[in-house]
Amino acid sequence: AGAGRGAGGSEEVDPSLTPPSLLWPEFERDPYPLYRRLREEFPVVRDEPLDAWLVSRYVDVRAALSDPRFTSRNYGWQLAPMFGRTVLQMEGREHAAHRSFLTPAFRGRALTWLRAAIERTAADLVADLAARARRGGGVVDLVDGFCHRLPIAVVVTALGLPVADAPLFQEWYEAGFSYLSNYRQDPALLERGLSSRDELYAYLAPYVARRRVAPGRDLLSVLCTAEVDGAPLPDDMVMGFCGMLLGAGGETTDKGLRSLLANLLDHPEALAAVRADPGGLAGAWVETLRRDPPVQVVLRQTGEAVDLPSGRVPGGATVACLVGAAGRDPDRFADPDRFDASRLADEPDRQFTAAAGHLSFGAGRHFCLGSQLARAEAEIGVRTLLAALPRLRWADGFRPRFGGLLTRAPEELLISLR
Ligand code: HEM
């Protein structure tokens, strides 16, 4: 990887004849026109510079994610060197065993307990935001003040670690995320990522030791007491899972909250509707996930060649399933660029299964374990925010600018509270 237009090869490439490459800088600015070209002209195609196959139509993305011949064993370019083998990269029996002890930790009583934590954290963050707005002329950034902080605080709470340490996790997460999204292999980011991983593990080690002998009900205790084939999970696997969660639960939900808020602020009638009836947030959330998925690309590999509805992927290929392109496929969603909070209004309760209408939590055996938790963060978090900030609107002249390739969301959300 690394050749192509982004690296200065534009004179050799006629973009009108060449399938778009994910390494083109246009993808980070606005992928949707390129996704359309891919769906229409190159639905299953090799991305030469990236050395991967791109799959963009809804029907193909869904088929690939649901088919075990598309495996996750080498998931992500950077995940294994960072956190070892996590549930994201497991398949078969090992994957099923991990899902079976992890799933209850994200459902039922655990979720009820976490909902209370979401409410408290959101209220604290909003009070802080309002105080900062009073000091700073009424304009604040919802990314920095809210979206970025709530999901990490929730992950830390779920693990049963002190929420006062959330700022430390915030730093590790930022370094770790720069590492994981570093598909151009910048060595400085790699080094910073690995040293932040070492700091995270040094922090976690005494907690892991304590949970081994005196477990509680938190997720860290679940990991410390789980057994697979009669053996406990080794420490590095427990800690690798915690590290992976900062991205899987933090980064994703952060970006989802940003896009939800941007969509509401951009559609005053939708904002007024959810103010009048916060129950409508569920529909606005799923519609945001469809139209502006936080995770744009889900990676797989093939062992053998596999035929998808629109074409063949050869064996031994890395496959980028373009969830962001699938959510805007007009063959699946009419007028797909339009934000319509009622479009999937009957979907929210199906979003916890692979039968959901959108693919933004994946599909099939790796379907997101945290989808209900993320929904709770969106519903409770945004309801709390809106209730406390009745005058919330864009700061004068501000327009959100979306950015990011593997994950995507507005970079800033400058709002006025006056
Ligand atoms: C898996 C998206 C929130 C934990 C996934 C996958 C996607 C996804 C696309 C499937 C990956 C694949 O098939 O390879 C999202 C989005 C979220 C979100 C868009 C928020 C809007 C969360 C939260 C947590 C979480 C809050 C936990 C705190 C996980 C885990 C997996 C996963 C552990 C791995 C499941 C497996 O491989 O079997 N997520 N996620 N996610 N997610 Fe989420």
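Reader: What does the secondary structure of the chain come to?
Author: The chain of this predicted model has 16 helices and 14 strands.

Reader: And how compact is the chain, judged by its radius of gyration?
Author: The radius of gyration is 21 Å, close to the 22 Å that the globule rule gives for 418 residues, so the chain is as compact as a globular protein of that length. Along its principal axes the C-alpha trace spans about 55 × 55 × 45 Å.

Reader: How much of the chain counts as buried?
Author: Of the 418 residues, 45% count as buried. As for contacts between residues at least 6 apart in sequence, 68% of them join residues at least 24 apart.

Reader: Let us turn to the sheet. In which order do the five strands lie?
Author: The order is S1-S2-S10-S7-S3, in an open sheet with mixed pairing. Strand S1 (44-47) and strand S3 (70-71) are the edge strands, each pairing on one side only.

Reader: Do S1 and strand S2 run parallel or antiparallel, and how many bridges join them?
Author: They run antiparallel, and four bridges join S1 to S2, which covers residues 52-55.

Reader: Which residues in S2 stand opposite valine 45 and aspartate 47?
Author: Valine 45 stands opposite leucine 54, and aspartate 47 stands opposite alanine 52.

Reader: What about the hairpin of S1 and S2; how many residues are between the strands?
Author: There are four residues between the strands, and aspartate 51 in this hairpin takes a positive phi near 60°. That is a positive value in a residue other than glycine.

Reader: Is aspartate 51 buried, exposed or partly exposed?
Author: Aspartate 51 counts as partly exposed, because it has 13 C-beta neighbours inside 10 Å.

Reader: Where is aspartate 335, and what is its phi?
Author: Aspartate 335 lies in the loop between helix H15 (323-326) and H16. Its phi is positive, about 50°, although the residue is not a glycine. Aspartate 335 has 8 C-beta neighbours inside 10 Å and therefore counts as exposed.

Reader: Back to the sheet for a moment. Which strands does helix H3 lie across?
Author: Helix H3 (residues 58-66) lies across S1, S2, S3, strand S7 (297-302) and strand S10 (318-322), and it runs at about 130° to S10.

Reader: Now the ligand. How many residues surround it, and which are the closest?
Author: The ligand is surrounded by 25 residues, and the closest are Gly249, Gly362, His366, Cys368 and Gly370.

Reader: What is the make-up of the shell by class?
Author: The shell has 15 nonpolar, nine polar and one charged residues.

Conventions: Residues numbered from 1 in each chain as written. Predicted model: local features only at pLDDT ≥ 70, side-chain atom pairs only at ≥ 80, totals over all residues. Pairing = 2+ DSSP bridges. Helix = DSSP H or I, 4+ residues; strand = E, 2+ residues; numbered from the N terminus. Contact = placed C-beta atoms within 7 Å. Axes fitted to C-alpha atoms, helices over the stretch in contact; angles between N-to-C directions. Near = placed C-beta within 6 Å. Nonpolar A, V, L, I, M, F, W, Y, C, P; charged D, E, K, R; others polar. Rg over C-alpha atoms; globule rule 2.2 N^0.38 Å. Buried ≥ 20, exposed ≤ 12 C-beta atoms within 10 Å, placed from the backbone.
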